[in-house]
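Trainee: Could we go through this one together, a piece at a time?
Mentor: Gladly, ask as we go.

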Amino acid sequence: MMLTVLLALAGCADDPSANYLGGFGDPVRGAALYAPRNLGDTGRWAGQPAKAAVAAEQLEFLTNELATNPRYAPEINPAVLQSLQTARREMRGYLGIAPDADPGVVIAALRRAGEALRAGSRASAEAALATVAFTAGPGGTLQRLATMPRLPRTAEAAGMVASEFDRLERRR
């Protein structure tokens with residue numbers, strides 16, 4: 001039993017937007033609480049494109065969920081959502097993702113690319129990013145993931161979303 005819990009916790013560190021804790025956790029809350037670690041200094045992922053893909057996926061996930069999730073959308077401070085939307089524009093601009101790309105397509109592609117990179121398959125990662133949403137092309141996006149700089153608007157949004165979830169927790 002304890003081994004199962006430890007393995008589940010290890011998995012949530014890799015992708016906090018996944019259904020962590022074996023599906024018993026809240027993926028939105030998990031992504032928000034991990035945001036300062038994963039998005040506070042995106043430059044830490046330079047040379048680690050799989051982790052950069054997870055961070056970009058997390059930002060897409062949080063921005064989309066906090067705008068549409070019936071549990072959180074009514075409660076979230078609009079300034080936090082606006083900050084996340086600004087961060088998403090910054091991240092998309094850097095990675096070469098179309099500004100109007102469907103978040104679901106972007107999330108799925110980044111998740112598959114991250115999984116492929118962790119498995120050591122650049123070809124599969126490129127295939128995952130071969131959609132019209134990735135205007136820099138698969139190779140260009142992978143190069144940008146590998147050289148991720150610190151993105152200041154993303155760092156601001158990471159702190160804001162974690163603070164907002166802390167505020168919501170205290171209110172409950």
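Trainee: Where is Thr 147 placed in the chain?
Mentor: Bearing in mind that this is a predicted model, Thr 147 sits in the loop that links α7, residues 137-146, with α8, residues 152-171.

Trainee: And is Thr 147 buried, exposed or partly exposed?
Mentor: The relative accessible area of Thr 147 is 40%, and because buried means under 20% and exposed over 50%, Thr 147 is classed as partly exposed.

Trainee: What lies 3.0 Å from a polar atom of its side chain, I mean that of Thr 147?
Mentor: That is the backbone oxygen of Gln 143, which lies 3.0 Å from a polar atom of the Thr 147 side chain. Along the chain, Thr 42 is 105 residues away from Thr 147, and yet the C-alpha atoms of the two are separated by 9.8 Å.

Trainee: Let's move to α7 itself. At what angle do α3 and α7 pack?
Mentor: Helix α3, residues 49-68, packs with α7 at an angle of about 95°, and their axes are 8 Å apart. That angle makes α3 roughly perpendicular to α7, because the range for that description is 65 to 115 degrees.

Trainee: Which residues meet there, between α3 and α7?
Mentor: On the α3 side they are Pro 49, Ala 52 and Ala 53, and these meet Leu 142, Leu 145 and Ala 146 of α7. Sorted by class, the contact of α3 with α7 has six nonpolar residues, with no polar and no charged ones.

Trainee: What about α4 and α7, how do they pack?
Mentor: Helix α4, which covers residues 78-95, packs with α7 at an angle of about 115°, with 9 Å between the two axes. From α4 the contact takes in Gly 93, Tyr 94 and Leu 95, while α7 brings Thr 141, Arg 144 and Leu 145.

Trainee: How do the residues of that α4 and α7 contact divide by class?
Mentor: Three are nonpolar, two are polar and one is charged. Leu 145, then, is listed in the contact with α4 and also meets α3.

Trainee: Stepping back a bit, how many helices and strands does the protein chain have?
Mentor: The protein chain has eight helices and zero strands. Of its 172 residues, 45% count as buried, and the accessible surface comes to about 8100 Å², with 57% of that area belonging to carbon and sulfur atoms.

Trainee: And what share of the contacts with a separation of 6 or more comes from residues 24 or more positions apart?
Mentor: For the protein chain, that share is 69%.

Trainee: Changing topic, where is Asn 69, and is it buried or exposed?
Mentor: Asn 69 is in the loop between α3 and α4, and it counts as buried, with a relative accessibility of 15%. A polar atom of the Asn 69 side chain lies 2.7 Å from the backbone nitrogen of Arg 71. If residues up to four places away in sequence are set aside, Asn 69 touches Val 28 and Pro 74.

Trainee: What does Ala 162 contact, leaving aside its neighbours within four places in sequence?
Mentor: With those neighbours left aside, Ala 162 is in contact with Ala 32 and Pro 36. Ala 162 belongs to helix α8 and counts as buried at 15% relative accessibility. From C-alpha to C-alpha, Ala 162 is 9.6 Å from Val 80, although the two residues are 82 apart in sequence.

Trainee: Is Arg 111 buried or exposed, or something in between?
Mentor: Arg 111, which is located in helix α5, residues 103-118, counts as partly exposed with a relative accessibility of 25%.

Trainee: Last one: which side chain makes a polar contact with Ser 121?
Mentor: The side chain of Ser 124 does, through a polar contact of 2.9 Å. Ser 121 is in the loop between α5 and α6, the latter spanning 122-128, and at 23% relative accessibility Ser 121 counts as partly exposed.

Methods
Residues numbered from 1 in each chain as written. Predicted model: local features only at pLDDT ≥ 70, side-chain atom pairs only at ≥ 80, totals over all residues. Heavy atoms only, no water. Helix = DSSP H or I, 4+ residues; strand = E, 2+ residues; numbered from the N terminus. Buried < 20%, exposed > 50% of the residue type's maximum accessible area, 1.4 Å probe, protein only. Polar contact = N/O pair within 3.5 Å; in protein donor to acceptor, adjacent residues only side chain to side chain. Axes fitted to C-alpha atoms, helices over the stretch in contact; angles between N-to-C directions. Parallel < 35°, antiparallel > 145°, perpendicular 65-115°, else oblique. Contact = heavy atoms within 4.5 Å. Nonpolar A, V, L, I, M, F, W, Y, C, P; charged D, E, K, R; others polar. Areas by Shrake-Rupley, 256 points an atom, 1.4 Å probe, with all protein chains shown as cover.
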